[in-house]
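Let's take a friendly walk through this fold, starting with a pair of helices and then moving on to a sheet.

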Amino acid sequence: MASTTRTTSAPRKDEETTPRPATVVARDEEHQAQRTWRRRDLLDVDVLSADEIEIVMETADAMQEILSRQIPKAPTLRGRTVATIFYEASTRTRASFEWAVKALSGDVVNLAPSTSSVTKGESLIDTVRTLQSMGAGSIVLRHPESGAAAVAARHANVPVINAGDGRHAHPTQALLDLYTMRAHWRGDERDPIRGRKVAVVGDVLHSRVARSNAWALTAMGADVVFCGPPTLTPDEITEGFRHAGRTVTVVNDVDMALDGADAVIALRLQSERQIQGLLPSLRSYVRGYQIDAERLGRAKSDVLLMHPGPINEGVEVTPEVAAGPRSVVQEQVQHGIAVRMAVLYLTMTGQSEVGPAA
Ligand code: CP
């Protein structure tokens, strides 16, 4: 595990002269420890506490500030190289990780398995070890098999960041979605996500985004509703949450799911993952679950319409809604860079506060 350091602010005058009771010191140290990043890898958000998620959010705020500068760069990862390995197609995740590394002055090596020795039978573990031996300081991995990132992490001695594994998890997507909600809801409230209703609509069965979002949102106190046809929302999708003491509700009526929602996350219908036998027809899905203006009207008037992308145009949401005033899809894309910068920073430097050098 990477070593953990943190910057501290100078003590106030009264703190220098007045000794604090031991119980207060112990409580403060425990609180600070909870707010310190200690993880080498990011494989899912299910293990993250609310404090850890808040560290990512606050670090992403600092990264947003860097990105708003005239020269949007910081020297943090100078001399370090991040290897990205994408066994599945990607536009947003791969490009934003590359952008994030470059904004932190690091170097990137992108490995495309289709043109690598993977085609000659090289295993995932061999690929990871090879890139590590060449000097990769971190591995960003997307893979069609659930659990692939955990396997890579077990055999790596550098941070592994899961960029999406099968149906299992897509932690940076969930964190950027949360960051987008927080950007809209953060007013004077200390706890902007708590008590918010978030409807996640569509192909929940195949969606790593739905799972990671539900872990992140419930950790922060939101009410999560999964909605889709019964074949794409079987009972077992909520079992893991129930065992962990988290509440995720499933409804099959889209109007009920959207009623009073603060945010709606429309999911991509994953045609590459054998949904054909699970739906009578695409037309029936559109009739029953497509988010159109009338359906969105059941949600709060300031609802956030979200989609992780890529959108199947005219299927999950109507073009008018996708490009309409409630859509924050492009903000999600923009926030992906800052959130991935934050994740790289935390996992590769072990620091949980962005100092002036950043
Ligand atoms: N949301 C997402 O993972 O998109 P990409 O597949 O384009 O990376």
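Helix 7 (residues 171–185) packs against helix 14 (residues 329–349) at an angle of about 115°, and their axes are 8 Å apart. Axes here are lines fitted to C-alpha atoms, for helices over the stretch in contact, with angles running from 0 to 180 degrees between N-to-C directions. Helices (H or I, at least four residues) and strands (E, at least two) are DSSP runs, numbered from the N terminus.

Which residues of helix 7 make the contact? They are Thr172, Leu175, Leu176, Asp177, Tyr179 and Thr180, and they meet residues of helix 14 including His335, Val339 and Arg340. Contact means that C-beta atoms, placed from the backbone, lie within 7 Å.

## About the model

This is a predicted model: local features need pLDDT of at least 70, side-chain atom pairs count only at pLDDT 80 or more, and totals for chains, interfaces and linings use all residues. Residues are numbered from 1 along each chain as its sequence is written.

Four strands form an open, parallel sheet in the order 2-1-3-4; strands pair if DSSP finds at least two bridges between them. Strand 2 (107–111) and strand 4 (160–165) are at the edges with a single partner strand each, so one side of each has no neighbour in the sheet. From one strand to the next, the twist averages 15°.

Strand 1 (residues 81–86) pairs with strand 3 (residues 136–143) over six bridges, and Thr81 stands opposite Ala136.

## Helices across the sheet

Helix 5 (residues 124–134) lies across strands 1, 2 and 3, at about 155° to strand 3. Helix 14 lies across strands 1, 3 and 4, at about 130° to strand 3.

Key
Contact = placed C-beta atoms within 7 Å.
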